[in-house]
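Colleague: I have not looked at this one before. Can you walk me through it while I ask things as they come up?

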Amino acid sequence: MPVIAVYFNDEKIKDYSLIPGAGCNIGRKKGNDIVIDNLAVSGSHARIESVSTAFVLKDLESTNGIIVNDKKISMHILKHNDTILIGKHKLIFDCSDLQKIQSNESEQGDDKTRVLNVNDLREIAGWTKNESPYEWYSRSNIPHTNNQKNVSFISKVIQKIFG
């Protein structure tokens, strides 16, 4: 099962298991799944969503933002050993157990088609049903250059998950 390890001043505070198919809220308020008691952390700072076989981290318009692997993000598909900075806390995403399971499945010839739920992706990304992928991508915080503007959100997500 994937785990988020929370550190402060390079000292591990706690491990939090992420359940495939469930979400995880991160913030300063006590109702969050991962509570980080620090004034640099917003009450509802971030959310991790389980989408198909991936976990997606989304900034919930926090005051101080989120840094993943030294880059400020608004949304990020988590990979094994990603380093997430929220306030003064470091979170490490560990999905080594999940990688072992997927590796064993591929060794056994598992060639099942993976199903992506487009509505879940739209909700996580804040992509309304009435706008095209191009419109969403144009207003998103994803850095892009002119030649990347034609890449739709769905193709980027599929490429990151499977590519």
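Colleague: Which residue is the bridge partner of Leu-85 in strand 11?

Modeller: Lys-90 is the bridge partner of Leu-85. Keep in mind that this is a predicted model.

Colleague: How do strand 10 and strand 11 pair, and over how many bridges?

Modeller: They are antiparallel, with 4 bridges between strand 10, residues 83–86, and strand 11. The two form a hairpin with 2 residues between the strands. Gly-87 in that hairpin has a positive phi near 60°.

Colleague: Which strand do 6 bridges join to strand 11?

Modeller: Strand 1, residues 3–8, is joined to strand 11, residues 89–94, by 6 bridges, and the two run antiparallel. Within that pairing, Phe-93 of strand 11 stands opposite Ile-4.

Colleague: Back to Lys-90. Which residue forms a salt bridge with it?

Modeller: Asp-10 does, with the closest N and O atoms 3.4 Å apart.

Colleague: Is Asp-10 buried or exposed?

Modeller: Asp-10 counts as exposed, because its relative accessibility is 65% and the cut-off for exposed is over 50%. Lys-90 is partly exposed at 27%.

Colleague: How many salt bridges does the structure hold?

Modeller: There are 3. Side chains of opposite charge can pair when their charged atoms come close. Asp-15 pairs with Lys-12, the closest N and O atoms being 3.2 Å apart. Both residues are partly exposed, Asp-15 with a relative accessible area of 40% and Lys-12 with 43%. Another salt bridge links the side chains of Glu-49 and Arg-47 at 2.2 Å, N to O. Arg-47 is partly exposed, at 25% relative accessibility.

Colleague: And how many disulfides does the structure hold?

Modeller: The count is 0. As for cysteines, Cys-24 is buried with a relative accessible area of 7%, and Cys-95 is buried with 9%.

Colleague: Different topic. What is the strand order in the open sheet of 5 strands?

Modeller: The order is 4-3-5-6-9, with mixed pairing. Strand 4 and strand 9, residues 75–77, are the edge strands, and each pairs on one side only.

Colleague: What about strand 5 and strand 6, parallel or antiparallel?

Modeller: Antiparallel, over 6 bridges, with strand 6 covering residues 54–59. In this pairing, Ile-48 has Leu-57 of strand 6 as its bridge partner. Strands of a sheet pair through backbone hydrogen bonds, either parallel or antiparallel.

Colleague: Where is His-45 found?

Modeller: His-45 is in the loop between strand 4, residues 34–35, and strand 5, residues 46–51.

Colleague: Is His-45 buried or exposed?

Modeller: Buried, because its relative accessible area is 0% and the cut-off for buried is under 20%.

Colleague: What is His-45 in contact with?

Modeller: Leaving aside neighbours within four places in sequence, the contacts of His-45 include Ile-26, Gly-27, Ala-40, Asp-59, Leu-60, Gly-65 and Ile-86. With Gly-65 there is also a polar approach: a polar atom of the His-45 side chain lies 2.8 Å from the backbone oxygen of Gly-65.

Colleague: Now Arg-28. Where does that residue lie?

Modeller: In the loop between strand 3, residues 24–27, and strand 4. Arg-28 counts as partly exposed at 32% relative accessibility.

Colleague: How far apart are the C-alpha atoms of Arg-28 and Val-41?

Modeller: They are separated by 5.8 Å, and the two residues are 13 apart along the chain. Val-41 is also one of the residues in contact with Arg-28, and others among them are Val-35, Asp-37, Leu-39 and Gly-43.

Colleague: Last, the whole chain. How many helices and strands are there?

Modeller: The protein chain has 4 helices and 11 strands. Of its 163 residues, 36% count as buried. The accessible surface comes to about 9900 Å², and 47% of that belongs to carbon and sulfur atoms.

Colleague: What share of the contacts joins residues at least 24 apart?

Modeller: That share is 37%, taken among contacts between residues at least 6 apart in sequence.

Definitions and conventions. Residues numbered from 1 in each chain as written. Predicted model: local features only at pLDDT ≥ 70, side-chain atom pairs only at ≥ 80, totals over all residues. Heavy atoms only, no water. Buried < 20%, exposed > 50% of the residue type's maximum accessible area, 1.4 Å probe, protein only. Polar contact = N/O pair within 3.5 Å; in protein donor to acceptor, adjacent residues only side chain to side chain. Contact = heavy atoms within 4.5 Å. Pairing = 2+ DSSP bridges. Areas by Shrake-Rupley, 256 points an atom, 1.4 Å probe, with all protein chains shown as cover. Disulfide = S-S within 2.5 Å. Salt bridge = Lys/Arg side-chain N within 4 Å of Asp/Glu carboxyl O.
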